[in-house]
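Have a look at the picture and then read on.

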Amino acid sequence: MADGGENPTVLDLTSYQLRDLDSVDLPPSLTELDLTANRLSKLDPRIAQLSNLKKLSLRQNLFDDSGVEPLATSHLIADLEVLFFFISLINLAELLIFFV
């Protein structure tokens, strides 16, 4: 799931069928977070606090526009190097506005 040590940098939660991240520890040392193929419908606000995060995968979840809106106001998006986002429920035109 995560790389070893006290300060993991990678957390792969692919296909855990998570509805939320309440039971998940999100260490500040994370540089990669993979939440692919879960049942998430909104972003956990703690993700915006991960100042070292460079890669975030949100593919194959249940997000709609309001569920990802926090990305628009977060400084996180400016620091990410890779954002995977293949979601059919989002109005792509509105999402693109967030990144302009």
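The points below go from the whole chain down to single residues.

1. Ground rules. This is a predicted model, so to speak of a local feature I need pLDDT of at least 70, side-chain atom pairs count only at pLDDT 80 or more, and totals for chains, interfaces and linings use all residues. Residues are numbered from 1 along each chain as its sequence is written, and side-chain values use heavy atoms, with hydrogens and water left out.

2. The overall layout. The protein chain has four helices and four strands, and from the N terminus on they run β-β-β-α-α-α-β-α. Both kinds of element are DSSP runs numbered from the N terminus: helices are H or I with at least four residues, strands are E with at least two.

3. The sheet. How are the four strands arranged? They form an open sheet in the order β1-β2-β3-β4, with parallel pairing. The edge strands are β1 and β4 (82-84), each of which pairs on one side only. The twist averages 5° from one strand to the next; for such angles, axes are lines fitted to C-alpha atoms (for helices over the stretch in contact), and the angles run from 0 to 180 degrees between N-to-C directions. Two strands pair if DSSP finds at least two bridges between them. Three bridges join β3 to β4, and Val82 in β4 is the bridge partner of Lys55.

4. Surface and contacts. Buried residues make up 37% of the 100 residues in the protein chain. Here buried means under 20% relative accessible area, exposed over 50%, and partly exposed in between (1.4 Å probe, protein chains only). The protein chain exposes about 6100 Å², and carbon and sulfur atoms supply 52% of it; the areas come from the Shrake-Rupley method with a 1.4 Å probe, and for residues only the protein chains shown count as cover. Among contacts (heavy atoms within 4.5 Å) between residues at least 6 apart in sequence, 35% join residues at least 24 apart.

5. Asn38, worth a click. Asn38 sits in the loop between β2 and β3. Buried or exposed? Asn38 counts as buried because its relative accessible area is 5%. Not counting residues up to four places away in sequence, Asn38 touches Leu13, Thr14, Ser15, Tyr16, Gln17, Leu18, Gln60 and Asn61. The C-alpha atoms of Asn38 and Ser15 are separated by 5.4 Å, though the two residues are 23 residues apart along the chain. A polar atom of the Asn38 side chain also lies 2.8 Å from the backbone nitrogen of Leu18.

6. Two glutamines with positive phi. Most residues other than glycine have a negative phi. Gln17, in the loop between β1 (10-12) and β2 (32-34), has a phi near 60°. Gln60, in the loop between β3 (55-57) and α1 (65-68), has a phi near 55°. Gln17 is partly exposed because its relative accessibility is 46%, while Gln60 is at 52% and therefore counts as exposed. Gln17 and Gln60 are both among the residues that Asn38 touches.

7. The salt bridge. How many are there? The count comes to one, where a salt bridge is a side-chain nitrogen of Lys or Arg within 4 Å of a carboxyl oxygen of Asp or Glu. Arg46 forms a salt bridge with Asp44, with the closest N and O atoms 3.0 Å apart. Asp44 is buried, with a relative accessible area of 11%, whereas Arg46, at 32%, counts as partly exposed.

Key: Polar contact = N/O pair within 3.5 Å; in protein donor to acceptor, adjacent residues only side chain to side chain.
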